Amino acid sequence: MPSFPWDCWSSLEIRVVLCAMGCIQSIGGKARVFREGITVIDVKASIDPIPTSIDESSSVVLRYRTPHFRASAQVVMPPIPKKETWIVGWIQACSHMEFYNQYGEQGMSSWELPDLQEGKIEAISDSDGVNYPWYGNTTETCTIVGPTKRNSKFIISMNDNFYPSVTWAVPVSESNVAKLTDIYRDQSFITWLVATNTSTNDMIILQTLHWRMQLSIEVNPTRPLGQRARLREPIAQDQPKILSKNEPIPPSALVKPNANDAQVLMWRPKFGPPLVVIPPKHR
């Protein structure tokens with residue numbers, strides 16, 4: 001494929017722009033050209049500037065919904081002279097997870113990723129569980145089948161957020177009495193914009209993003225339903241970082257299992273041994 005004469009990083013400009021949805025990190029300036037003549041015109045990333053919402057409508061579980069992380073990129077693929085297929089899209093991996101639900105003096109439940117927690121892997125795939133290694137296969141990827149005679153210009157986008165349910169009562173107890181006192185969650189992700197030749201398995205990293213979601217909720221289980229939970233700092237999330245230098249993708253971010261299938265729910269009492277409440281789907 002043809003290459004372009006200018007240096008893809010020499011005129012890189014990182015700027016912050018504002019739009020209706022809030023603060024967006026954007027890379028602009030001259031288009032950046034990579035191997036095979038693939039051009040990235042623009043990359044945007046943001047987390048919606050709204051607080052996490054809390055839902056106490058259920059007498060069984062507390063639900064919360066975090067703001068969305070959003071990323072989009074405008075890419076140009078030059079003419080493909082051969083009979084080959086390229087996929088351009090988003091790959092995401094979780095690089096850190098702390099997720100605790102405290103039940104007063106009785107103990108806490110904890111969603112855990114054992115291999116990540118023990119340092120056996122750098123990051124774990126956050127694929128949809130079907131289209132490995134891609135985050136999804138709708139707006140998240142674009143497939144170009146060669147040969148083609150003209151440039152292919154397209155936008156690929158993705159979004160992510162948390163919307164879990166946490167039991168009011170201790171998860172290993174037969175009692176339905178509310179004991180939940182705190183929820184704490186801190187997760188970090190690496191998101192890559194990638195182009196892959198499916199015929200040769202050649203993979204080109206076009207952009208790397210870092211983002212983090214932090215959450216802390218204080219709960220008073222003695223109060224009436226609908227008045228128990230209060231969101232603590234941070235109310236607003238830090239905006240994603242668009243890196244000026246790409247990072248390699250760890251092998252564990254490209255294969256099974258993904259984070260949803262590898263996570264295990266533990267009960268860690270104040271006294272006594274921990275218990276597995278929900279084992280991992282992938283063994």
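This is a predicted model: local features need pLDDT of at least 70, side-chain atom pairs count only at pLDDT 80 or more; totals for chains, interfaces and linings use all residues.

Biologist: What makes them "buried"?

Modeller: The word applies under 20% relative accessible area. Phe162 and Phe189 are both classed as buried, so each falls under that cut-off.

Biologist: And how do you know that Phe162 and Phe189 form an aromatic pair?

Modeller: Their ring centres are 6.2 Å apart, and the limit is 6.5 Å, so they count as a pair. The planes make an angle of 45 degrees. Stacked needs under 30 and edge-to-face needs over 60, so this one is tilted.

Biologist: Which parts of the chain does that pair link?

Modeller: Distant ones: Phe162 is in the loop between β12 and β13, while Phe189 is in strand β14, 27 residues apart. Ring pairs also join Phe162 and Phe189 with Phe69 and Trp211 in a cluster.

Biologist: How many aromatic pairs are there by this rule?

Modeller: Five. One of them is Tyr103 with Trp267, at 5.9 Å between centres and 65 degrees between planes.

Biologist: Why is the Tyr103 and Trp267 pair called edge-to-face?

Modeller: Because 65 degrees is over the 60 that the label asks for. Tyr103 belongs to strand β8 and Trp267 to strand β18, so the pair ties together parts 164 residues apart in sequence. Tyr103 and Trp267 are buried as well.

Biologist: What makes you say that the charged end of Arg65 sits over the ring of Tyr163?

Modeller: Its distance from the ring centre is 3.8 Å, and the limit is 6 Å, with the charge also within 35 degrees of the ring normal. Arg228 lies over the face of Trp168 too, at 4.6 Å from the ring centre.

Biologist: How do you know that β6 and β13 pair?

Modeller: Pairing takes at least two bridges, and three bridges join β6 to β13, running antiparallel. Within that pairing, Arg63 stands opposite Ser165 in β13.

Biologist: Why do β5 and β13 stand at the edges?

Modeller: The open sheet has the order β5-β6-β13. β5 and β13 each have a single partner strand, so one side of each is left without a neighbour in the sheet.

Key
Residues are numbered from 1 along each chain as its sequence is written. Side-chain values use heavy atoms; hydrogens and water are left out. Rings of Phe, Tyr and Trp (its six-membered ring) pair if their centres lie within 6.5 Å; planes under 30 degrees apart count as stacked, over 60 as edge-to-face and the rest as tilted. Helices (H or I, at least four residues) and strands (E, at least two) are DSSP runs, numbered from the N terminus. Buried means under 20% relative accessible area, exposed over 50%, partly exposed in between (1.4 Å probe, protein chains only).
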